[in-house]
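Subject: Structure handover

Hello,

Here is the structure we spoke about. Please open it next to this message and read the two together.

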Amino acid sequence: MLRLIVVRVLFMIPAGLLLVSFLFGLFHLIPGDPALLLAGDNASAEVVEGIRRAYGFDQSLTVQYWTYISKVVQGDLGVSNFSREPVSSLVIPRIVNTAQLAFWSMGFAMIVSLALGCTSAMYWNTKIDKIITAIALLGICTPVFVSGLFAIFIFSVELRLLPTGGLDSWRSFVLPVITLGAFQAAVLTRMVRASMVDALGQDYIETARAKGLSEQTVVFKHALRNALLPILTLFGLGLGATLGGSVVTETIFTWPGLGRMMVESILSRDLPVTQGALLLFAFMFITINLAVDVLYQTIDPRVSYEPR
Amino acid sequence: MQDACLRLRSLWRLVLHIRSLLAASSIALVSCGAPVSKDAPSSTHPIASEPQYGGELIYALSGETYSLFPGRQPGSNAQDAWLYALEGLVEINESNEIVPWLATSWEFSEDGRNATFQLREGVSFHDGTPFDAEAVAFVFNEAFDKQFVHVHMLEGLQQVTADSELVVTFHFEEPFAALLSNLSHRSLVIFSPTAYREHGEEWMATHLVGTGPFIQERLVRGEVLELVKNDDYWQEGKPYLDRVTVRIVPEVSARSAMLEAGELDRTIALNDFDIPRLEADDRIRIRVVPSTRQFYVALNHTVAPLDDPKVRQAFNYAIDKVGIVQSVFAGTGALLSKAPVLSEGVVAFTDMRRPGEETIFAYDLERARTLLAEAGFVDNDGDGTIEDASGAAISLTLFARRGATKGDDKIAQLVQNMLAEVGVDVEIRYWESSAFGAATNLGPDDAQYDMVLLSWGIPTADPDEPMMMMTYSKAWKPIGANRMFYASDEVDRLTVLAHHEVDPAQRKEWVRLWMVELLDDAPVIFLPTLSLTLGTRSYVHDDRILSIDQYPARFAWIDAQEMARQGVVR
């Protein structure tokens, strides 16, 4: 286990450098000139050149690359092309905000999907099961911006119970968490149900029932524990996805998160911000994957990462 | 009890909203010339009484500001934000007139080459340093040394000298007609040279140090800019507000939702289809004002048959501008253009429509087809597309963006459809903004486009900019912004004459003749003019909207009782 953790942590370094280099190359291959974007449609060539010089876009690629890499290994992520603010001070608060949103919505999704999924599996093929499956399907089919906008209009504009957006107090969390969480819950519910149905059909469940254990113990102590592995995988992926940028949710609710910042920095070709954001996100993602793998071993001692 | 009543009323409003949401599509199709609120307060709103002091104005912008330094930022969102803290020598008002601001008076020399400004006394920057001739001279001379973005607005400027403590003179090579209009541009504001010299240009990207009525307190990139009242402001008794908070809300539905919920006091850029619903709400005041931004399709004159003026004119007649205004802009978000490039209110504007017609190049399919036939294009084989004598059809590519300007992608689709009506095949290529910039910034040998959908906004309400940059033969891309590679000796001649002409009446005539040439040559397809929208809660008074895409609220004030009555609590 310790070996696993150490190897994964060490792996982050070459992964990070590779990512940064790849992004650097990519940014310079795709069309798009940040100086032109800043100058606007009707600017003259002189103005564009002036911006290029002022912001340092005219240095040779190799120089830019080595300057950047040497700074990154020292922990300096550079400054934004336009506002000259340090990238770390721009990106880290945003990551924290997105992480909070991701954590709470996945938590909500987990609770809801476990409850609904288990219920569905326990009452397999009955009316309850069919209703829950229909609700889950509806949830998957409803895009976040539809449910989000509806929620805003009902709860914020009309009933004035909750804020429409931003991040001011605990109240700001309610709508985005439920909107994003509901969507993730819908996806997870079906997986939980399938996994549980599978687990409940195993022989050892019959044995447990024969032994006289209560249905609750059978379902939650025995079946669920064994069904957890695939659920955990999906949960980890879902967490990664929500971390990486629930851009739509963040735009609808004006949530000051990482997704919006990444999209804006790409569209404005603010390379340092994009690289900083993606680098930190990559580290987070690797860490989450590591946590999931470690959890695997805890849940199912049969899982081993040692080479045979 | 009162709370419950409010909630019940809210629920009922919700039901009405859902009904109106369902009916919105039919409203959009039917509404034709729906009355729009003018700038003056209507009779249904409480009559404005004496301005009250205090309060915080929360106001939303639609996009990121990137940099707050005037020398490097041409984007209008940032400019609107910094106008609370920075001021210029002169300003432009609702009637597009130049009014004295930090300069109290000015005069031109005999030969028109020098302009001397008397500066206002008793003004200081937020850092305490005095506003004087030295400061002004430094700002403009530095602009040239470091090639700030707006330097082309002062073309021909040799130097700015500080003649005495409060007198500056601008020295030009040749008389410059648009000097005053250009000085009112929001990029040419005066920032503190002391702060600039001490901290450098990069620091100024996140710090505003000017002479304005509000001082920057806090900036969070992409989220909010907070400003507090400047107690030492040079105008007695102003400003009225204690604070101004500028928030960035990119999603248009979120902006209108926040306005209705009372989380915002005012917002720009509303959805045209939301306007009828918002106008019906008596807590909200909607203003729709024509802008100086006209849409156009640049036609590449190096590509046949776009080099033939008859074909270009035919394209103009083939476009149903009324249709565009109705379907893309709900009838209110744009208006029919009365002149090529210039909109009403711009200096030296003349109405160039033919008598009895509602726009230039009024929609006329027959005329379009006749002109195309005259140019040698007819539908020989009855397949719906026109061909020339050798059987070659007209097939063109149109470059467009999505969402760079309100309605741009939809206009592109309509142009495609309308040109198909006369037998021209158009393929649209959508680009992401940054890539679009690179693709349309090329010279005549490298440009890959046949047509490009763009808009030309005139931030100074003066024709000098489009004349020098859009239709001038010396302004071909990549040097200027003439993406058509259009060249006309007569247009060049008139451009130079108007650029140096200081007599307003004579200048108006040069500009009118220039527009006559544009109507003859039809270098582009002229399209409708954009309208600007501003939504404000009715308890906010004296905030303004200008056609140059500016929304000043420096001297606005809030009626606290009315705000409480509407249940807005912060």
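Numbering and confidence

Residues are numbered from 1 along each chain as its sequence is written, while chains are lettered from A and ligands numbered from 1 in the order in which they are written. This is a predicted model, in which local features need pLDDT of at least 70, side-chain atom pairs count only at pLDDT 80 or more, and totals for chains, interfaces and linings use all residues. The term pLDDT stands for the predictor's confidence in each residue, from 0 to 100.

The model scores ipTM 0.80 and pTM 0.83. Chain B has an average pLDDT of 88, and 92% of its residues score at least 70. Within chain B, confidence is highest in helix H9(B), at a mean of 96, and lowest in helix H1(B), at 50. The pLDDT is below 50 over residues 20–45 of chain B. That stretch still has 29 contacts in the model beyond near neighbours in sequence (two residues are in contact if their C-beta atoms, placed from the backbone, lie within 7 Å). Where pLDDT is low, the predicted coordinates should not be read in detail.

Chain B as a whole

Chain B has 17 helices and 19 strands. Here helices (H or I, at least four residues) and strands (E, at least two) are DSSP runs, numbered from the N terminus. The radius of gyration of chain B is 25 Å, close to the 25 Å that the globule rule gives for 570 residues, so chain B is as compact as a globular protein of that length. This radius is taken over C-alpha atoms, and the globule rule is 2.2 Å times the number of residues to the power 0.38. The C-alpha trace of chain B spans about 75 × 70 × 40 Å along its principal axes.

Of the 570 residues in chain B, 49% are buried. A residue is buried if 20 or more other C-beta atoms lie within 10 Å of its own, exposed if 12 or fewer, and partly exposed in between, with C-beta atoms placed from the backbone. If we take the contacts in chain B between residues at least 6 apart in sequence, 68% join residues at least 24 apart.

Strands and sheets

Strand E1 (residues 56–61) of chain B is mostly covered, as five of its six residues are buried. E1(B) runs parallel to E10(B), and six bridges join them; two strands pair if DSSP finds at least two bridges between them. In this pairing B:Glu56 stands opposite B:Arg243 in E10(B). E1(B) also pairs in the parallel sense with strand E11 (residues 266–268) of chain B, over two bridges. There B:Tyr59 has B:Arg266 as its bridge partner in E11(B).

Chain B also has an open sheet of four strands in the order E4-E5-E7-E6, with antiparallel pairing. Its edge strands, E4 (103–108) and E6 (157–164) of chain B, each pair on one side only. Neighbouring strands of this sheet are turned by 20° against each other on average, direction ignored. Strands E5 (residues 114–119) and E7 (residues 167–172) of chain B pair over five bridges, and B:Phe117 stands opposite B:Val168 in E7(B). Helix H3 (residues 133–145) of chain B lies across E5, E6 and E7 of chain B and runs at about 170° to E6(B). For these angles, axes are lines fitted to C-alpha atoms, for helices over the stretch in contact, and angles run from 0 to 180 degrees between N-to-C directions.

Backbone details in loops

Which residues does a cis peptide bond join, with omega about 0°? One such bond joins B:Lys238 and B:Pro239, and B:Pro239 is in the loop between strands E9 (224–229) and E10 (243–248) of chain B. A cis peptide bond also joins B:Ala304 and B:Pro305; B:Pro305 is in the loop between strand E12 (284–299) and helix H9 (309–317) of chain B.

B:Asn96 is not a glycine but has a positive phi of about 60°. B:Asn96 is in the loop between strands E2 (90–92) and E3 (98–100) of chain B, and is buried because 20 other C-beta atoms lie within 10 Å.

The contact with chain A

The contact takes 44 residues from chain A and 46 residues from chain B. On the side of chain B, the elements that give two or more residues are helices H1 (2–30), H7 (252–261) and H13 (433–439) and strand E16 (451–457). By class, this side has 22 nonpolar, 13 polar and eleven charged residues. Ala, Val, Leu, Ile, Met, Phe, Trp, Tyr, Cys and Pro count as nonpolar, Asp, Glu, Lys and Arg as charged, and the others, Gly among them, as polar.

Regards
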